[in-house]
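Look over the sequence and the model first.

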Amino acid sequence: MVATIAPPAPARREGRISYMDKSLAEIAELVGGKVVGDAAVRITGVNGLKQAKPGDLTFLDNPRYQPLGETTRASAILTSPDMLPSARIPLIHVNDPRQAFAMVLKACEREQVRHPSGIHPTAILGQNVRLGNDVALGAYVCVGDDCTIGDGAVLYAGVYVGHSCKIGENTIINPNVSIREGVTVGARCIIHTGVALGSDGFGFVPIEGRQFKIPQVGNLIVGDDVEIGANSAVDRATFGTTVIGRGTKIDNLVQIGHNVQIGEDCVVSGMSGIAGSAVIGDHVTIAGQAGINGHIVVGDGVTVGGRAGVTKSIEPGKIVSGFPAIDHDADQRMQAGGRRVPELLRRVRTLERRIEELENRLHGQAADDC
Amino acid sequence: MVATIAPPAPARREGRISYMDKSLAEIAELVGGKVVGDAAVRITGVNGLKQAKPGDLTFLDNPRYQPLGETTRASAILTSPDMLPSARIPLIHVNDPRQAFAMVLKACEREQVRHPSGIHPTAILGQNVRLGNDVALGAYVCVGDDCTIGDGAVLYAGVYVGHSCKIGENTIINPNVSIREGVTVGARCIIHTGVALGSDGFGFVPIEGRQFKIPQVGNLIVGDDVEIGANSAVDRATFGTTVIGRGTKIDNLVQIGHNVQIGEDCVVSGMSGIAGSAVIGDHVTIAGQAGINGHIVVGDGVTVGGRAGVTKSIEPGKIVSGFPAIDHDADQRMQAGGRRVPELLRRVRTLERRIEELENRLHGQAADDC
Amino acid sequence: MVATIAPPAPARREGRISYMDKSLAEIAELVGGKVVGDAAVRITGVNGLKQAKPGDLTFLDNPRYQPLGETTRASAILTSPDMLPSARIPLIHVNDPRQAFAMVLKACEREQVRHPSGIHPTAILGQNVRLGNDVALGAYVCVGDDCTIGDGAVLYAGVYVGHSCKIGENTIINPNVSIREGVTVGARCIIHTGVALGSDGFGFVPIEGRQFKIPQVGNLIVGDDVEIGANSAVDRATFGTTVIGRGTKIDNLVQIGHNVQIGEDCVVSGMSGIAGSAVIGDHVTIAGQAGINGHIVVGDGVTVGGRAGVTKSIEPGKIVSGFPAIDHDADQRMQAGGRRVPELLRRVRTLERRIEELENRLHGQAADDC
């Protein structure tokens, strides 16, 4: 049985899932580069030098990684003539490999998903909503009063946006996301299904054993180019603003507490949590299932290991792990130490026996001496 | 471009986000108190003595905290004449500071958010649904058969309520919350966006390597004044009832298993999990990312540290941390010990060398003696 | 006040929550068995030999568990004449107790919940959607173009299904679930409220400190008889396919990364996470709040303890715990060792004192000798 019910639905002009599929020649044309080697090689994906697999295009921009240019499993490399004049696999030569690679990534993205378009008749808008050009609102979307939705933004079915929100240009809000009142989301963001933005922070005043709610009247600002994974939750500030900096990428099921400040270009992996009022610098990497205490400062460029629990502020550039998190090398030594405790117990037992023997012998001597 | 589509929408009469903004004189009038000092000081928030910042009103009710009355950064203190006759900052004197402070908190809450009101024409109600006075149902809300929604309750857009549920008076259910059949939510609760109430417990019977589902036919009762954070999940009971006690506050992304019993006035921080059939007493505090084993009892007043894993029942009043969780002081000592293992290894190595020397010397003596 | 608004709603023909309630005689008839003992005993639930409570039916199929047949708290046992000829509680004798018990479980499930039926007028379907017989689509369901929904499948209110998806026969998708484009869900699955299926994997290429998105163009296949708990998230593959094998059961708030392969009949408890490209065998049990690193292999039949962090591949059949996870027995010894470090410190201090005394004495002797 084939059923096609419901009105003509502008919100479902999505296309098929297509892998990227281009010849190296086509990509060279796209980026204004020159193929060295077989221009007919077909490229179906993109990835880093280490992670790339056959079919992938990768790129080489940094002399440090030149050896990887020889060992990568990629099918082709985007690079510059001085970086890698030739190799066992085909190359595309350009002046600025980094910029060219970014162009390929963007093209690849455009190719794969065709989002809904137009305003679905069931979308509900409040008063004084400003919609940019080419905004798409899916079925059963609700947008509150006084919101501004930027050009090209896409809100999938079932998205809720409270009053007084701003959604930036070309941002994609996936189905069933809930954005509470007064939240700002920047341009080119991707918010995945089920995300909660701007929920109340977790703050109570205990009065004689009962918990009284501290009103959570602050807001939340999500910068440009931020991605937030499925079913993650980012709380609004108690007072003031919770901030996710430009370019920061957040994975699934991550919790960001009230008044947290996250810098730019950070990477926060799945199931990590950042407690209230923590300040995270730029270029910070937080691995999976880690936790960051409230009210501490994690400096620029810090790397927090998987499942680490950070209880104190961390200087910029440090790599920390363990719980409580310490310098990663010290943590490794401590862990190695921990594994040697059974051995230590045996060695101490032996020492005790040996010393007892010595004492007995000396005691014997002493007795003899008398 | 300004677009205002869709019918007059009773469900979007939300106002602007307003910080509290009152003079001390206004607050004194609200609570029936007397200002000591500058009555024109403006109050924009409320918080505890330690956490308060300039602009905040705080309160002092306990002789133990009198010194904090002098050091708090708050702009004013609600207190009683005998507790704090005067201070360097303005005071409001009342007979019962605690009660007065609770009145201010409530006023503050009323001021900041104006919820939807009325029944949106797109809300769908089943048969035999009893709606109290002043109930608000947002757009695309679904309420199943035989439900009762109390006076003043607010269900935001996209909320699903299965059949045979009860929602108490003045409870707020935020957007895209899913409440399965047969769940009871008390009065004055706040359920944040994306919460799952009454999902099936996780129970299976393995039969020759395959898992057969144990039907989850119990229910879930959430007491009065409970708050549950964004994207948390509370399972229904296998048989019987999962219970969240009155006044308990639960943060984001928390998992509560089937048949769990949580007492009153507990605080459960973000990303914590409580496994099936655990019993949690009253006034229990569970810090972030902690885990509580199934089928154990955590006594009244227990504090569970952040990232602790509680594997055994805990006596009332204890403070525990670590994994497996033990008495917090013992855990601290154990952690301190763990950090000293590399040092221990060095000291044992030295001891071994010294004892070998002694043995050699005594052996030499013994040889001499012969 | 009783309100019944909105059109006749085929999607709310759910019944009351009913416990199973059958006499032993009725159950014996259902499975073609013979009652030994009181056939009037009423059965209200089912459970394993150890977990069963009064009112439950349990089953005994394995000679190893014969002693439990005498101690179980169940009200009756489904077994075979040679396994348990008689007992202090009533029995049902059948040839194949396992198969008969599975029949009871299925009957029990049918009895308790009556799902929505029919296509709600507000459900929106894209072009070329194939609906099987007896499909139920709740209110405000959206199904994209080119989807296939199998016979008897139920999609509750607020479910979103992107284009090019397949949902198998008799699968139940609970409210507010989001299924992105190109996802396949097998037959007889249960997907709980708020689940995110097919979200983008978390993959970025860093270029001069900025993170560029790696397009996530793969898909997700969920096998038959899979259950996925509330608010869990399963990512689509970067390229290729993320796979959840037949019969695998996943609890609430679990994160499954891109390109993960999970085998058949696994059990993954609440708040666990499996990072990208990990391969999990068949019959693997992962306890709560555990984490599995990306790009590793966990063999068939492995058991991962609660809160374990698995950093390396694990051989089939192993039981591991701790972080980094090691053989469970070794982990227990290591933990026991860790608890003895304070004692070790004391013993080493004592040894140091004793050896110093010996050294002093020998030094004294040596001096005397001079």
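α1(A) gives way to A:Gly32, whose phi is positive, near 65 degrees. Helices (H or I, at least four residues) and strands (E, at least two) are DSSP runs, numbered from the N terminus. This is a predicted model: local features need pLDDT of at least 70, side-chain atom pairs count only at pLDDT 80 or more, and totals for chains, interfaces and linings use all residues. Residues are numbered from 1 along each chain as its sequence is written, while chains are lettered from A and ligands numbered from 1 in the order in which they are written.

**Helix α1**
- In helix α1 (residues 24-31) of chain A, the buried residues are A:Leu24, A:Ile27 and A:Ala28 (buried: 20 or more other C-beta atoms within 10 Å of the residue's own, with C-beta atoms placed from the backbone).
- Seen down the axis of α1(A), these residues fall within an arc of 105 degrees, so they line one face of the helix (the arc is that of the directions from the helix axis to the C-beta atoms).
- An α-helix has 3.6 residues a turn, so residues three or four places apart point the same way.

**Chain A with chain B**
- The contact takes 68 residues from chain A and 65 residues from chain B (contact: C-beta atoms, placed from the backbone, within 7 Å).
- α5(A) gives the largest share of chain A's side, nine residues.

**Chain A with chain C**
- Here 65 residues come from chain A and 68 residues from chain C.
- On chain A's side, β1 (2-3), β5 (45-46), α3 (97-112), α4 and α5 each supply at least two residues.
- The largest share, eleven residues, comes from α5(A).

Definitions and conventions. A residue is buried if 20 or more other C-beta atoms lie within 10 Å of its own, exposed if 12 or fewer, and partly exposed in between; C-beta atoms are placed from the backbone. Two residues are in contact if their C-beta atoms, placed from the backbone, lie within 7 Å.
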